[in-house]
Amino acid sequence: MKTSTVLKKFSMVGAGAALFGAATSFVTLPASAAVTVLDFEGVNATYPSGYAFVQNFYNGGTSSAGTTGTNYGVEFSSNAQAICLNTPGIMCSNTSRGGLGNPNSQKGALFFLSGSETFMNLASGFDTGFSFFYTAILQSGSIGVYDGLNGTGSLLASLSLPTTSSNCDPVYSAGFCPFVPVGVGFAGIAKSVSFAGVANQIVFDDITFGSVTPDSVPVPEPASVPVPEPASVLGLLAIGVLGAGSVLKRKLK
């Protein structure tokens, strides 16, 4: 069946998501707080599942599926969603961790189905480094770390995210697999991160504050750990349109 998006096998949960910024409660975390990992497990109410909007799951509220996570004071844009990841015997998308990384972080990850980026805000700030895992087999992406909310202020660090391989064991039934670790160090206090790329073509997991290596489970060294010069603008990638034919087989959903 033809579809214009990569991840469309299940209907999305919570189409009437609340507007970004509706929640006002934040926890107070010092900028030098211990390393924190967002694994996007439990954002969806069930597994396997549809695709819930993250909303205030990490900000003392709930996701569009009504679930609640640890209150880290982290807020996401309204287009941020949790994708259901394939595991052996379960096929709910075209994406999987392939059994790699934290064994407790195999069922959910971050992606977006609209726009060319999604923002993550941490009003209390964080320092030292930022890291995560990602997969993007057809279209490249990028991230930018800013000292203001919603990608405002100075750009403290940025990373280009090249396309990744697609070579997981067939038991995972996923083209978007495995995920690749990347990280970046920076000076200053960061308050937001832009995750940019083509909608429905890039997925992130185990987003880690305060470290250039994602999560706490031993993994291969990050692809790059630069400390870039500050820049004023992070270029966003234009939204691409996939053609028909063989490309359709490699869609996320």
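The structure is a predicted model, in which local features need pLDDT of at least 70, side-chain atom pairs count only at pLDDT 80 or more, and totals for chains, interfaces and linings use all residues. Residues are numbered from 1 along each chain as its sequence is written, and side-chain values use heavy atoms, with hydrogens and water left out.

**Exercise 1.** Determine how the rings of F132 and F195 are arranged, and which parts of the chain the pair links.

*Solution.* Begin with the criterion: rings of Phe, Tyr and Trp (its six-membered ring) pair if their centres lie within 6.5 Å; planes under 30 degrees apart count as stacked, over 60 as edge-to-face and the rest as tilted. A search of the whole structure finds 15 such aromatic pairs. For F132 and F195, the ring centres are 6.2 Å apart and the planes meet at 75°, so this pair is edge-to-face.

Next, locate the two residues. Strands are DSSP runs (E, at least two residues) numbered from the N terminus. F132 belongs to strand β6 (residues 129-135) and F195 to strand β10 (residues 190-197); the pair links distant parts of the chain, 63 residues apart.

Finally, consider accessibility, where buried means under 20% relative accessible area, exposed over 50%, and partly exposed in between (1.4 Å probe, protein chains only). F132 has a relative accessible area of 0% and is buried. F195 is also buried, at 0%.

**Exercise 2.** Describe the pair that F132 forms with F204, and state which aromatic cluster contains F132.

*Solution.* The pair of F132 and F204 is edge-to-face, with 5.7 Å from centre to centre and 70° between the planes. Because F132 lies in strand β6 and F204 in strand β11 (residues 203-209), the pair ties together parts that are 72 residues apart in sequence. F204 is buried, with a relative accessible area of 0%. The cluster consists of F126, F130, F132, Y134, F186, F195, F204 and F209.

**Exercise 3.** Find the disulfides, and give their handedness and bonding pattern.

*Solution.* A disulfide is a pair of cysteine sulfur atoms within 2.5 Å. The whole structure contains two disulfides.

- C84 and C92 have their sulfur atoms 2.1 Å apart; the link is left-handed, with -90° about the S-S bond, and both cysteines are buried.
- C168 and C177 have their sulfur atoms 1.9 Å apart; the link is left-handed, with -80° about the S-S bond, and both cysteines are buried.

With bonded cysteines counted along the chain, the pattern is 1-2, 3-4.

Technical notes: Helix = DSSP H or I, 4+ residues; strand = E, 2+ residues; numbered from the N terminus.
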